[in-house]
Amino acid sequence: MGIKNTNNRKRNSSFTLLETMIAITILSFTILGPMELASKSIQSVMVFSRQTTASYLAQEAVEFIRNIRDTNFIQGNNWLAGLNQCFGASGCYVDIPTYFLSGLSAAISSCGAKCPFIKYDAANGYYYNYAVGQNTIFRRKVKITKINLNGNEDEARIDVTVSWKERDRDNSFVVEEDIFNWK
């Protein structure tokens with residue numbers, strides 16, 4: 001009978017070690033699962049945040065172009081006056097805070113080969129611009145195309161593309177809107 005007890009003791013200690021290993025494995029999966037889910041959630045929030053910022057930057061440029069069209073009408077100018085840099089393949093970039101501080105000529109510039117990065121100025125009021133602050137990951141390109149219907153050029157298409165690179169992946173947000181010479 002003494003031998004039988006020794007075998008039972010060995011069998012019980014081996015079984016206890018196996019139980020411990022299984023418990024550690026289950027515990028690891030129990031902890032790692034929610035941690036992975038939290039990590040993915042944080043990544044999703046960051047992607048959504050960048051997409052939201054890009055959409056606001058794109059819509060801001062459209063509103064800026066519409067404002068110039070309306071100002072041209074009030075001043076009796078051609079409805080697309082001051083927007084020449086935005087026609088053509090290279091497009092332009094618009095520095096909206098600069099426009100309101102120093103005038104139209106300093107605010108609209110041709111992109112050339114590539115539009116510059118938009119800067120974010122946290123020190124002076126938290127705004128996006130091209131003159132002051134730290135570079136962001138965003139670039140904004142505005143293209144305007146005149147639409148000729150039966151010899152009438154009273155319509156133009158505004159294409160605003162905000163692009164950024166994230167995790168070696170190119171992203172963009174595009175807003176397209178038609179504006180009209182409503183005078």
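I will speak about confidence, then salt bridges, and finally a surface patch.

Please bear in mind that this is a predicted model. The mean pLDDT of the chain is 85, with 86% of residues at 70 or more. Among the elements, strand E7, residues 169-180, has the highest mean pLDDT, at 95, whereas helix H2, residues 96-102, has the lowest, at 65.

Let me turn to the charged side chains. Arginine 140 is buried, because its relative accessible area is 3%, under the 20% limit. Glutamate 60, at 30%, is partly exposed.

A further salt bridge pairs arginine 69 with aspartate 70, at 2.8 Å from N to O. Here arginine 69 counts as buried, with 10% relative accessibility, while aspartate 70 counts as partly exposed, with 27%.

What of the pair lysine 165 and aspartate 170: are these residues buried or exposed? Both are exposed, and the closest N and O atoms of their salt bridge lie 3.8 Å apart.

Finally, the surface carries a nonpolar patch formed by Leu27, Ile31, Leu32 and Met35, together accounting for about 410 Å² of accessible area. Of these residues, leucine 27 lies in helix H1, residues 2-75.

Thank you for your attention.

Methods
Residues numbered from 1 in each chain as written. Predicted model: local features only at pLDDT ≥ 70, side-chain atom pairs only at ≥ 80, totals over all residues. Heavy atoms only, no water. pLDDT = per-residue confidence, 0-100. Helix = DSSP H or I, 4+ residues; strand = E, 2+ residues; numbered from the N terminus. Patch = residues over 30% accessible without salt bridge, like charges linked within 9 Å, V, L, I, M, F, W, Y side chains within 5 Å. Areas by Shrake-Rupley, 256 points an atom, 1.4 Å probe, with all protein chains shown as cover. Salt bridge = Lys/Arg side-chain N within 4 Å of Asp/Glu carboxyl O. Buried < 20%, exposed > 50% of the residue type's maximum accessible area, 1.4 Å probe, protein only.
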